[in-house]
Structure formats: structure tokens, C-alpha cells
Amino acid sequence: MPLQVHAPGEEHSRVAMADEPAADAMSVGLAAPVTSLAGVGPKLAERLRRLGVRRVADLLFHLPLRYQDRTRVVPIGSLRPDTEASIQGTVEIAHVQFGRRRSLMVRLADGTGALYLRFFHFSRTQQATLARGAVLRCYGDVRRGPHSLEMVHPEYRIVDAAAPAPVEETLTPIYPTTEGLHQLTLRKLTTQVLALLARDSGGTLSDLLPPSLRVPMGLPTLATSLRFLHRPPSDTRMGDLEAGSHPAQRRLIVEELLAHRLSLRVLRQRLGRRRAPPLQGDGRLRAAFARRLPYALTAAQQRASEEIARDLAADRPMLRLLQGDVGSGKTVVAALAALTALECGYQAAIMAPTELLAEQHQRNLGHWLGPLRLPVLWLSGKLKGRNRSEMLARIAAEPRAVVVGTHALFQHDVSFARLGLAIIDEQHRFGVDQRLALADKGRQGAEHPHQLIMTATPIPRTLAMTAYADLDTSVLDELPPNRQPVSTVVIADTRRDQIVARIAEAIRVGRQVYWVCTLIEESETLQCQTATDTAAALAAALPEVRVGLVHGRMKDGERDAAMSDFANARIDLLVATTVVEVGVDVPNASLMIVENAERLGLAQLHQLRGRVGRSGVKSDCVLLYQAPLSALARERLAVMRETADGFLIAQRDLELRGPGELLGSRQAGLAQMRIADLVRDNELLPFVARAAEQLLAEHPERVDAIVRRWLPDALHYGSG
Ligand code: ADP
Ligand code: MG
């Protein structure tokens, strides 16, 4: 089918048409609701809706997960275990076997070999038809059985040996489905829709990729690709389909990746059209701050600060991501940015994902800014009653202040006197929506605050292209010079005694120790209970050691006290849940023990381990696991032992576990794409990034349609 090239205006009106129900019921169009297809009543329509299929055309984008090859009947003698195949043979014997489970065993032979069909559930009639001499066509999984190859519960039908039954003409698609919706139904529906597609001659289903993008990549048109993927011809190589490398697949992969990237680029464009106060500053506060720092900035900190300063001076809101491995010194960079806002008479807000971290920022900033006589205001969920209303009044009244807090900062009763910059720490814990909410909070008339987003979860470059396409990026690719690598060992949980001796030794030479309790259960209560028990057991084993405890369910005062006791070395051993994961900074701590390390993601382990090795002292990390370790878990823990490079760890995590964990809650959609796979299709991402810019520049009218086709629900661009 030839590619339809439309004039831009024409294209747009076609897309708009797709939103209206089919006007003419006689000719069912691709834009019509699925109920216009033969055999689709309200019940089936409801099931299809669960799969995101509402219109006829949606079925075309409901793509197969995999394929079966029923186009050939394979000689039984050539079968291999752990494959799927279609076979035909004659029943030699059939008998009921009484073992641990009663089963009907049917021996099927075709002259090249024989195998057993095994049925655990069977009716009397079934047993009667599967009798000696019957000729069967079967499809199923081939497995190794106790005596020969077997197929357990194959699909089968009786055939007439004299009149050969036809084989399938195309590979058989297996669709993602939902309860009560059979593959056969989906197959029948897609057959109907493919027939409509053939008549649609470019009307409803526009090919949104311009030839200038498509042709040089050797990608087929949309209609060709869809037809192919729903019904691949029998000579298609299964290997290509499994690898996602067939041009028809790549065509749709590119479009889906493009849709994701474009949705963020559009968001970026809309935000970029907003106005922001230009924050140039005279540098005086920054200079005073830098003079008081006990160290010089690293080259990376300097570079990032300059990039930020340049953005802040503009009258468009900065949207910048500061990526830096744990311990790379992001807080200092944030403080410099905040001081720029204060130099201009504006407020800067710093939002942290946990109370613990917010408190630490408050302490650090208070320590840095107190001598400069600059107020550090503080808002958390814990602040109640009069304290809270007093603080709210100050935030609303003091235009030259730093405001630190948790997500309590964007509750409805908070209003800022003059917010010029919103800094969001450990961004992977927050969603895009929360970030936008804070920007909207700080809005003053037509002006929006600048945004600096910080993350210690290094995102591999290609992944960042997709996940952070709405942001400019600065990277702290260098640690402060005094750091020593943390040496990591992986030890079975049964050797706790040795570890207790190690803890005693570290504390004897004046160091401090973290013990992190983790559980796979989501239950916070259980996790806190475990931490409490562990703290008690360790205190009993180490009577001379001062043990502290921190978990999410403690009374506010208790936890603050424990944290600050640890920071001030009044506690030697801190037993904690993963609340210490992000950002906690106690440089004297040199040993960390992590329980059940095999259950945590690599990025999370890296974060935890980053709590030690924060000074010149040699540090150790002990990863405890519960045996036996799976091969995958072993491989993952080995990565932790072998490297301290956060980017490398993130890359390995991405390969081993997929993007879901790395991106956290931020971009759940990226982890569940329909045909693209961020890990497998990694090498397409740079091309997609360029293609997105080209589309935005040359075919802006197609952008919305592409995004809507692939992300029908994900579009709530920031308004205003
Ligand atoms: P992160 O990037 O993980 O948030 P922090 O900002 O907590 O890192 O910094 C980690 C530690 O390194 C802190 O104790 C901080 O004071 C220290 N630090 C930051 N910058 C430097 C530097 N240029 N030289 C030496 N130490 C530094
Ligand atoms: Mg930090």
C-alpha cells in the first residue's frame, strides 16, 4: 500500500475526524467504536475496554506478544524439547496410567518417530476418540518425558488421513488478553479489522511518520507493518520476531518510543513558553558561602553551577536535572543555586522525599546560611497547630528566604511570598505531576519559578533521553577528591557472628556503623518490628556499644533524637530500615551491613552503600543474603562487589531488571510499553531523539496525533 502524504492541514483534519463516531453505520470505519464490529456486544466490548481497546483502530495497535508456527506440520522425529510445534500422527496405543496423578497417555507416531500426549484431565468421550488408529493434528509444547518426548494437554483435532487438513497460512499471533477473552476471539476480530484496513486506503489511519524519517531507516509504512505483525507470512523467521528486529516491528517500536519522547518534549515546550523571573544576582552571597566552605568545589560542581546560573539568568523557567552519583556533592550545588535566588530578593524552596532528608537539608542549610543571617524556613507534615500557622505566615511574608520541606510544601494552604526557584531532591521519588504542582504553587501572575531537579539514581544516557526528555541535564561525574572506594563483600546470613566482631572492631577505632534491615514485605509495620528486634539483639551481643534505632513508625521526637545522636557520634551503631537510603550524610560512618541484600534493586543498594565512604576513611559494606541465591541474584550481587560506578550499576540494573525500578514511580508507563522495550531497543533511542526534534520542527501538526495514538491517557500537559 502506497504511503499517503497529506498536506499538513489535511492531515490534521483527518486526525480530528478520528475522534468522532462513524457517521455511516453501513460502512464500518476504523474510527468507529468496537461495537460496530460483527459479534461485539456490550460484554465483549467491556472486556476489550480492559485492554484499552475502544475503537476499531485500537485493535490494530493491540499487538501480539509472540507467535506460534502452525504453518507446517513437523516430523515427530525432528522435534526438540522445549519448543512448540504442530505435528500429525496416528494413535498407536492409549492407556490410563495410575501414578501420583492419574493420566491418559496417548502414543502418537508418524513414521519418523513417536511421542506421548499426556492428559491429566479427560472425559470419557475424549478417551473414546483418542483410541488406536485415530489420526490427530496436535499443537503444543514439546517436553522431555520419562521415556520419550511428550506434549502435555496439546490442542488437538481428529483429522481424516485421506483428506489432508489445511495448515495455517500465516504465523499465529498470541495477543495480550484478559479474563474471558479468548485468543480465537481476538484473532477473529483482528481478521475483521485487517479487512477494513485494506479498504481504508489511507483515510482514517494516517501514516504519521514522514517518509524522510521512515525511508532512510528502511522502515515500512504503517499499514504494511500492522498487517505484517498481525499475520506474519509463513516464511517469516521466528528468530527475528523474537528479537524484535523485523523492520515491521522496528517501524512500530520507533513510533512508540517517539510518542513517549514527544509527550515530554511537548510538555517541555509548553513549560518553556512560560515566563520566569530572571535571577542574575551579584554573586555576593555565593562568594561569602564559598569562602566558608572547608573545601574547594570539584570541577564538576563548578561546571554544573555555571550551567544553572546561566539558566537562572534567563526569563524562561529553568528545567534542569542535576544527576550526580551518591556523595558527589549535589547539596552544595543546590545551595549555590538557592543563594542566587536570594541575591535577587526571591525565595528558594527545597523539597525532599522524606522527613529525615528534609531535616538534614534544614540542618546543613541552617549551618551554612545562619552566619550569613539568611532565614531557613521549615515545613513538614509533622509541624502542627500554632507552629505550623506561624511558619506558613513566614513563608507567605519573607521574600528572601530558603524554605525546606517535604511534599507538605505543595499543600493547598501553603503560599509563597516570592518563589523564584524550586529545588527537588531525589527526584525519582516524585512524579512529574508533583513537580508540576510545586511549580504551579510558586506561580505569581504570569511568572513561574525555575526548577532544579536532583537525582542520585544515575540513569543510563540512552534511557535518560526518553525518561527525561523534558529536562536539560547537568552531570556531576566526579566525586570529591578525598574519597576511597568502599570495599564490598557478599556473605550468607548464617555468618552473622563474624559480622558482629567486625562491628565491634570498627567502633573500637572510633568509627560508626549502619545496620540496615530490609524485608520483601511491603508492610512497614513488619519492617519496623524487625528493625526493633535486630537493634535489641545487637545491643545484647555488643553490650559496650551504643545502639540507636530509626524507622518510619517511631514517634517524631525519638527518631530525630536518634538521627542527630548518630550525626553527633553519641550513637555508634544505627539500626535502620531503608529510610536511611536517600541522602543521609554522616561522614564518620565507615561500615554498613545490609540484610536481605538479594531482595533489593541494585540502584537501591548503591544508594544505601553511598551512606559510607563519605570521608577519607576506608569503608566497608557487607551484603548479607539468605541462601540459596538464585543465579540472577548472584549475578546482581557480584555487580555490587565489582564496581562502585553508579552509572555502570544503573546500566546493569537496567539490563537485569528492566527500567521499572530505575525510573521508580516517575514514569511507570515507560516500563510497560506495547511493543518497544527500552533495554532491547536501546540503540534506537538516539535516532528517536533526533527524529522527535525533526518532527517538532517540520511536522508539528502530527505530534499530538502520534502521542494520542500510543498514550491516549497519559496526556495532561501542564496548563498555562
Ligand atoms: P549527594 O550528592 O549524595 O547529595 P552530598 O551533597 O550529601 O552528596 O555531599 C556528600 C558529602 O561530600 C558531604 O559531606 C559534603 O559536605 C561533602 N562534599 C561536597 N562537596 C565536596 C567537595 N568539593 N570536596 C569535599 N567534600 C565535599
Ligand atoms: Mg543528597
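Q: Which residues of H13 are buried?
A: In this predicted model, the buried residues of H13 are Glu355, Leu356, Leu357, Ala358, Glu359, Gln360, His361, Leu365, Trp368 and Leu369. The word is used for a relative accessible area under 20%.

Q: How does helix H17 compare with the span expected at 1.5 Å a residue?
A: H17 runs over residues 496-508, which is 13 residues. From its first C-alpha to its last it reaches 19 Å, close to the 18 Å expected.

Q: Which residues of H17 are buried?
A: Ile499, Val500, Ile503, Ala506 and Ile507 are the buried residues of H17. They cover an arc of only 125° around the axis, so they lie on the same side of H17. As background, an α-helix has 3.6 residues a turn, and therefore residues three or four places apart point the same way. Asp497 and Arg508 are exposed on the other side of H17.

Q: Why is Asp82 called exposed?
A: The relative accessible area of Asp82 is 69%, and the cut-off for exposed is over 50%, so Asp82 counts as exposed. Asp82 sits in the loop between strand E1 (66-68) and strand E2 (83-97). Its phi is near 60°, a positive value in a residue other than glycine.

Q: Why does His153 count as partly exposed?
A: Relative accessibility is 36% for His153. Buried needs a value under 20% and exposed one over 50%, so His153 is partly exposed. His153 also has a positive phi, about 45°, although it is not a glycine. The loop that holds His153 lies between strand E6 (149-152) and strand E7 (155-158).

Q: Why is Thr518 called buried?
A: Thr518 has 3% relative accessibility, and buried means under 20%, so Thr518 counts as buried. Thr518 is in the loop between strand E17 (512-516) and helix H18 (524-541).

Q: What makes the pair of Thr518 and Glu595 a polar contact?
A: A polar atom of the Thr518 side chain lies 2.7 Å from the backbone oxygen of Glu595. The limit for a polar contact is 3.5 Å, so this pair is within it.

Q: Why does Arg690 count as exposed?
A: Arg690 has 55% relative accessibility; exposed means over 50%, so Arg690 qualifies. Arg690 is in helix H25 (residues 685-698).

Q: What is the peptide bond between Ala627 and Pro628, cis or trans?
A: The bond is cis, with omega about -5°. Pro628 is found in the loop between strand E21 (620-625) and helix H21 (631-642).

Q: Which residues come nearest to ligand 1?
A: Tyr295, Gly327, Thr331, Arg483 and Asp585 come nearest, out of 16 residues around ligand 1. By class, this shell has 5 nonpolar, 6 polar and 5 charged residues.

Q: How do you know that Arg483 makes a polar contact with ligand 1?
A: A polar side-chain atom of Arg483 is 2.6 Å from an oxygen atom of ligand 1, and the cut-off is 3.5 Å. For Gln301, a polar side-chain atom lies 2.9 Å from a nitrogen atom of ligand 1. A polar backbone atom of Ser328 is 3.4 Å from an oxygen atom of ligand 1. Ligand 1 taken alone exposes 570 Å², and the protein buries 89% of that.

Methods. Residues are numbered from 1 along each chain as its sequence is written. Chains are lettered from A and ligands numbered from 1 in the order in which they are written. This is a predicted model: local features need pLDDT of at least 70, side-chain atom pairs count only at pLDDT 80 or more; totals for chains, interfaces and linings use all residues. Side-chain values use heavy atoms; hydrogens and water are left out. A residue is near a molecule or strand if one of its heavy atoms lies within 4 Å of it. A polar contact is a pair of N or O atoms within 3.5 Å; within protein, one must be able to donate a hydrogen and the other to accept it, and residues adjacent in sequence count only if both atoms are side-chain atoms. Accessible areas come from the Shrake-Rupley method with a 1.4 Å probe; for residues, only the protein chains shown count as cover. Ala, Val, Leu, Ile, Met, Phe, Trp, Tyr, Cys and Pro count as nonpolar, Asp, Glu, Lys and Arg as charged, and the others, Gly among them, as polar. Helices (H or I, at least four residues) and strands (E, at least two) are DSSP runs, numbered from the N terminus. The expected span of a helix is 1.5 Å times one less than its number of residues. Buried means under 20% relative accessible area, exposed over 50%, partly exposed in between (1.4 Å probe, protein chains only). The arc is that of the directions from the helix axis to the C-beta atoms.
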